[in-house]
Amino acid sequence: MSDENDAIIRVRGLKNMFGDQVIHDNLDLDVRRGEILGVVGGSGTGKSVLMRSIIGLQTPAAGTIEVFGENTIGREETEATEIRKKWGVLFQGGALFSTLTVAENVQVPLKEFYPKLKPALLDEIAGYKVVMTGLPANAGPKYPSELSGGMKKRAGLARALALDPQLLFLDEPTAGLDPIGAAAFDDLTASLQKTLGLTVFLITHDLDTLHAICDRVAVLADKKVIAVGTIDELLALDHPWIQEYFNGPRGRAATDAQDRIAQARDHNRDTGTDPVSPQAQRR
């Protein structure tokens, strides 16, 4: 694992406010190149606000944010555009444009950043991204209203990957999915991260996701990031929210499930049988 000197995102002293309400105060966070970082916290801790601050949709009251070594706060529009080309974002629920087809949704960032691309090339790229995220090729001409919840998430992911980003932001990507669909999306995320060399900033409350694919987990509480580490490292801390979250009934169930998966993979490796499927992980 890379060290803090290879941080692709570096947040220092971040303060976010809505009126008199302070959401973050003196928040620090590093996201290392090539990792999947899970971000967790209770309701109202500002997980999405933190992501929006990093991508420039929320202006902090104080602090600094660097992405790819560049300050992202207060940049000129042309400078900010060059940085934004390097990341993709999957918002909650997919956030697709309802009046555009899946293919047209994928083409939105391409048209924004590369307006001179010819229609034939736009169609080709969109088709490739659709298939890359596990959707059937015939999903391209369909509208979001014609898709299932899981397909909408994949279509949103296809749009997030349109510009071949180095950095991927995922906001509750498995929320609302059934266990099999959520496990399949986790597997897709891990596969794309490895294949494309992505760095992934992943907001989630899904303990199975944290165990299955996250290299480290950042915990938001008390208006800041109170801890970052592997789940084992977090479990060694005595903060009440961390203990309640990871050692509660759902946390213990997720840990037990991952232990069973590890045992099954050890058995498969020893016997030469097929590895455990992602769908089996949550059964």
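**Close-up 1. Strand 6 (87-90), helix 3 (102-113) and helix 5 (149-160) each give at least two residues to the lining of the largest pocket.** This is a predicted model, in which local features need pLDDT of at least 70 and side-chain atom pairs count only at pLDDT 80 or more, while totals for chains, interfaces and linings use all residues. Residues are numbered from 1 along each chain as its sequence is written, and side-chain values use heavy atoms, with hydrogens and water left out. Helices (H or I, at least four residues) and strands (E, at least two) are DSSP runs, numbered from the N terminus. A pocket here is an open set of points on a 1 Å grid over the protein atoms alone, where a 1.4 Å probe fits, with protein on both sides within 12 Å along at least five of seven lines; lining residues have an atom within 4 Å of a point.

The largest pocket has a volume of about 470 Å³. Among its 18 lining residues, Val89, Phe91, Pro109, Glu112 and Phe113 are the closest to the centre. Helix 3 supplies the largest share of the lining, four residues.

Close-up 2. With 6% relative accessibility, threonine 174 counts as buried (under 20% relative accessible area; exposed is over 50%, partly exposed in between, with a 1.4 Å probe and protein chains only). Leaving aside residues up to four places away in sequence, threonine 174 touches Lys153, Ala182, Phe185, Asp186, Thr204, Asp206 and Thr209 (contact means heavy atoms within 4.5 Å).

**Close-up 3. Here are the buried residues of helix 9 (residues 240-247): Ile242, Tyr245 and Phe246.** On the other side of helix 9, Pro240 and Glu244 are exposed.

Technical notes:
Grid points are joined across faces, edges and corners, and a volume is the space filled by probe spheres set on the points.
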